[in-house]
Amino acid sequence: MRHITAADITAFEKVYRLNLVNGLPGFKPANLVGTAAPDGQTNLAIFSSALHLGSDPPVLGIVTRPTTVPRHTYQNIKQNGGCYTLNHVPLTMLAQAHYTSANFDDDVSEFEACGFTAVYRDDFPAPYVAESPLSIGLRLREEHAIFNGTALLVGTVEHVYVRPEALRPDGTLDLVALGEAAITGLDGYHAVEPPVRFGYARPGQMPEAIR
Ligand SMILES: Cc1cc2nc3c(=O)[nH]c(=O)nc-3n(C[C@H](O)[C@H](O)[C@H](O)COP(=O)(O)O)c2cc1C
């Protein structure tokens with residue numbers, strides 16, 4: 001095994017360091033975050049930092065980069081009643097999804113520039129991605145500053161839209177059937193194999209795969 005220390009990481013060239021550290025969490029979820037400014041200007045950005053924070057009530061987090069430069073997603077969430085959407089990325093639209101990370105001006109909507117369709121549903125003020133197989137409407141509940149300038153945005157889930165064939169009888173989601181991508185690092189997009197499932201693990205009982 002190669003041993004890499006914190007001092008090594010600090011000394012690495014910037015892009016090398018970014019690539020390495022962004023790969024450390026492993027495979028990550030691929031979400032497009034949809035928002036709208038108060039004047040209606042829409043915004044879309046790929047985020048790989050979505051995480052589950054609790055199910056009752058349903059809570060998800062996303063991590064936003066430091067606001068030392070304008071961050072349209074963050075600004076829109078703050079200015080539009082805390083509303084934003086997470087939209088899973090279909091494997092058929094990887095280039096378009098990655099393109100949303102480009103530094104577009106704030107008068108350009110990544111929906112149009114990158115080839116996605118904005119849809120509004122059930123009076124929620126943030127736009128969903130029509131092409132996404134699973135979309136979530138969230139409202140910002142808490143914001144936690146992290147020592148390095150990033151922030152954890154904690155949002156409660158208000159709406160979920162999913163293709164019904166992907167919702168299994170036990171509530172689990174068949175994300176493979178939905179044709180979704182996962183992310184590694186800052187520019188790797190993956191198709192995913194169907195899972196091996198084990199159910200609830202108990203001490204003294206090696207889990208067995210459910211057939
Ligand atoms: C694969 C990938 C994952 C990303 N994940 C995040 C993320 O979790 N949080 C974040 O703030 N930016 C993330 N970004 C960067 C944003 O997509 C990028 O800064 C985008 O321009 C933000 O747009 P905005 O200014 O419209 O909010 C990611 C970029 C890529 C390519």
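1. The shell around the ligand consists of 6 nonpolar, 9 polar and 3 charged residues. In this division, Ala, Val, Leu, Ile, Met, Phe, Trp, Tyr, Cys and Pro count as nonpolar, Asp, Glu, Lys and Arg as charged, and the others, Gly among them, as polar. The structure is a predicted model, in which local features need pLDDT of at least 70 and side-chain atom pairs count only at pLDDT 80 or more, while totals for chains, interfaces and linings use all residues. Residues are numbered from 1 along each chain as its sequence is written.

2. Which residues come nearest to the ligand? Of the 18 residues around it, these are Ala45, Ser49, His72, Thr73 and Ser101. A residue is near a molecule or strand if its C-beta atom, placed from the backbone, lies within 6 Å of it.

3. At least two residues of the shell around the ligand are supplied by each of strand 3 (42–47), strand 5 (58–64) and helix 3 (72–79). Strand 3 gives the largest share, 4 residues. Helices (H or I, at least four residues) and strands (E, at least two) are DSSP runs, numbered from the N terminus.

4. The chain as a whole has 5 helices and 12 strands. Its radius of gyration is 18 Å, close to the 17 Å that the globule rule gives for 211 residues, so the chain is as compact as a globular protein of that length. The radius is taken over C-alpha atoms, and the rule is 2.2 Å times the number of residues to the power 0.38. Along the principal axes, the C-alpha atoms of the chain fill a box of roughly 60 × 50 × 35 Å.

5. Among contacts in the chain between residues at least 6 apart in sequence, 61% join residues at least 24 apart; two residues are in contact if their C-beta atoms, placed from the backbone, lie within 7 Å.

6. A cis peptide bond, with omega of about 5°, joins Asp56 and Pro57. Pro57 belongs to the loop between strand 4 (51–55) and strand 5.
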